[in-house]
Amino acid sequence: MLTTLIVAAGLAISGCAVQRGAAGAKFVPKTPGVLIVATAFLPAPGFWSEADARNGFEAGLALALAHKLGLQRVKVVQLPFASVVTGRLGEADIGLSQVTPTSEREKTADFSTAYLTAPPGVLARNGVQAIDLQGLRKLRWVIARVSTLTPIVLSTVRPNRSLIEVEDRSEAIKVLRSGRADALLLDLPVALGLARTEPNHFQVLGQLSGGESLAAVLPKGSPNLDIVDSSIRALTANGTISRLAARWLGSQSNVPLILTTK
């Protein structure tokens, strides 16, 4: 069921000059002067705060994008993850919801250049221990049907115990928090955010090799794709995205690598 929740409006942004691309294109918002951003998970520790939509990596990215695009306000709406990843954004201009582009998703949505690269991270309940692949296989895993990380659990980790399967990440986190499962595979920045926010419940055991790109979602055929791309590249080049990641997500380099090859 499609549910929309306005969680923030009127976040002032100063110094706004209309951003134009190399071909002179400019961003055309659905609502004049407003960047409307869709996200699925509220709160999303490290990415979005339900109490203050200015707090978090993607929240900060939304504000920086609005400034770069010459818009005066940001409004955040909540949509189901399945809607965001397929480009069904409703009133929103873009989606920022820790989304990984895939060939299947690209059939119905357009994706920007990546704003973050994230290896898989093992989020576990406090007290759970595993330092290698054999240890991971002994754990009770919860997986989400819509997650692009689920195939890694199935084909690489290959748990010995039966899996708990749920629809999306929000449900999976609830299962892990309740103690019904030991571990959940998430993009490492997401896992770090949860462990930092709920240290009494969660820990990050390690990261696996590889990585996914997180990108903004736009409706298929959106005329705004090129200007969003160029804006994200500019925010990467000037250090804005690195500063946001350091502030809200912390360092990934200190998380041990769990080898998955024999």
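**Exercise 1. Describe the largest pocket of this predicted model.**

Start with volume. The largest pocket holds about 230 Å³ of space. A pocket is an open set of points on a 1 Å grid over the protein atoms alone, with protein on both sides within 12 Å along at least five of seven lines. A volume is the space filled by probe spheres set on the points.

Next, the lining (residues with an atom within 4 Å of a point). It has 15 residues, and Phe41, Pro43, Ser170, Ile173 and Arg177 are the closest to the pocket's centre.

Now the helices (DSSP runs of H or I, at least four residues). Both α5 (169–178) and α6 (188–197) supply at least two lining residues each. α5 gives the most, with 5 residues.

Last, sort by class: 9 nonpolar, 2 polar and 4 charged residues.

**Exercise 2. Work out how α1 and α8 pack.**

Take the axes, which are lines fitted to C-alpha atoms over the stretch in contact. Those of α1 (residues 57–69) and α8 (residues 240–248) come within 9 Å and cross at roughly 155 degrees. The two helices are therefore roughly antiparallel, a label for angles over 145 degrees.

List the contact (heavy atoms within 4.5 Å). α1 uses Phe57, Gly60, Leu61 and Ala64, while α8 uses Thr240, Ile241, Leu244, Ala245 and Trp248. By class, these residues are 7 nonpolar, 2 polar and no charged. Gly counts as polar here.

**Notes.** Residues are numbered from 1 along each chain as its sequence is written. Local features need pLDDT of at least 70, side-chain atom pairs count only at pLDDT 80 or more, and totals for chains, interfaces and linings use all residues, while side-chain values use heavy atoms, leaving out hydrogens and water.

How values were computed: 1 Å grid on protein atoms, 1.4 Å probe; cavity = no way out; pocket = protein on both sides within 12 Å on 5 of 7 lines; lining within 4 Å. Axes fitted to C-alpha atoms, helices over the stretch in contact; angles between N-to-C directions. Parallel < 35°, antiparallel > 145°, perpendicular 65-115°, else oblique.
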